[in-house]
Amino acid sequence: MRFTIVAVGKLKERFWTDACAEYLKRLQPYARTAVKEVADVDPARTGGVDAAREREGAAILAALPASAHVVLLTIDGAERSSMGLSKRLDALALGGTSEFAFVIGGSDGVSDVVRARADELLSFGPITLPHNLARVVLLEQLYRAQKISRGEPYHK
């Protein structure tokens, strides 16, 4: 199994990078996992929010593995419990999917082209999370899903 996380923007504070590094390390025995950061675009320098979203969108699409099942994190996506996420990944894997890409867009969302490329939408609920925290939560949930799938302790 392979996971790619495509995220707009770089992690700057050490506590975010440390948290992500910890979950990336924990995930390695279960799935090859990579994080691809794409540059966030300043709307003031590119002709507005729509133009910035389009440029970020092009970079997101370029970073996606061609054969990946793409999951876009968005507030209007399907909410899944940890058990539900684990079962969903298992079902896709049983159907022959081995490569997954998760997209965390920029602060102004993603372009329509990125949304159209997504195979499904996932939400961590109606709250607004900073994108850095969403990345940590995603990595932790992917690790938890792998532990659940194998019946290993950690889930509780």
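How are helices H4 and H6 oriented to each other? I looked this up before anything else.

**Entry: ground rules.** I am working from a predicted model, where local features need pLDDT of at least 70, side-chain atom pairs count only at pLDDT 80 or more, and totals for chains, interfaces and linings use all residues. Residues are numbered from 1 along each chain as its sequence is written, and side-chain values use heavy atoms, with hydrogens and water left out.

**Entry: H4 and H6.** I took helices (H or I, at least four residues) and strands (E, at least two) as DSSP runs, numbered from the N terminus. H4 covers residues 82-94. H4 and H6 pack at about 75°, and their axes are 8 Å apart. Axes here are lines fitted to C-alpha atoms, for helices over the stretch in contact, and angles run from 0 to 180 degrees between N-to-C directions. The two helices are therefore roughly perpendicular. The cut-offs are under 35 degrees for roughly parallel, over 145 for roughly antiparallel, 65 to 115 for roughly perpendicular, and oblique for the rest.

I then looked up who touches whom, with contact meaning heavy atoms within 4.5 Å. From H4, the contact residues include Met83, Leu85 and Leu89. From H6, they include Leu142, Ala145 and Ile148.

**Entry: helix H1.** H1 runs over residues 14-27. I checked its length. At 1.5 Å a residue, its 14 residues should span 20 Å, and its end C-alpha atoms are 20 Å apart, which agrees. The expected span is 1.5 Å times one less than the number of residues.

Which residues of H1 are buried? I found Trp16, Cys20, Tyr23, Leu24 and Leu27. Buried means under 20% relative accessible area, exposed over 50%, and partly exposed in between (1.4 Å probe, protein chains only). Seen down the axis of H1, the buried residues fall within an arc of 105°, so they line one face of the helix. The arc is that of the directions from the helix axis to the C-beta atoms. On the other side of H1, Arg14, Phe15 and Lys25 are exposed. The buried residues pack against S1, strand S2 (32-38) and helix H6 (131-149).

**Entry: salt bridges.** I searched the whole structure and got 14 salt bridges. Each is a side-chain nitrogen of Lys or Arg within 4 Å of a carboxyl oxygen of Asp or Glu.

One of them joins Glu99 and Arg2, at 3.0 Å from N to O. Glu99 sits in strand S4 (residues 99-104) and Arg2 in strand S1 (residues 2-8), so this pair ties together parts 97 residues apart in sequence. Glu99 is buried, at 12% relative accessibility. Arg2 is partly exposed, at 30%.

Another joins Glu22 and Arg26, at 2.9 Å from N to O. These two are four residues apart in H1, so about one helical turn separates them. Glu22 is partly exposed at 28%, and Arg26 is partly exposed at 29%.

I also noted Arg117 with Asp119, whose closest N and O atoms are 3.4 Å apart. Arg117 is partly exposed at 26%. Asp119 is partly exposed at 43%. Lys10, Glu37 and Arg135 are linked in a network of salt bridges.

**Entry: Pro130.** Where is Pro130 found? I located Pro130 in the loop between strand S5 (120-123) and H6. Pro130 is partly exposed, with a relative accessible area of 46%. Pro130 and Gly106 are 24 residues apart in sequence, and their C-alpha atoms are 9.9 Å apart in space.
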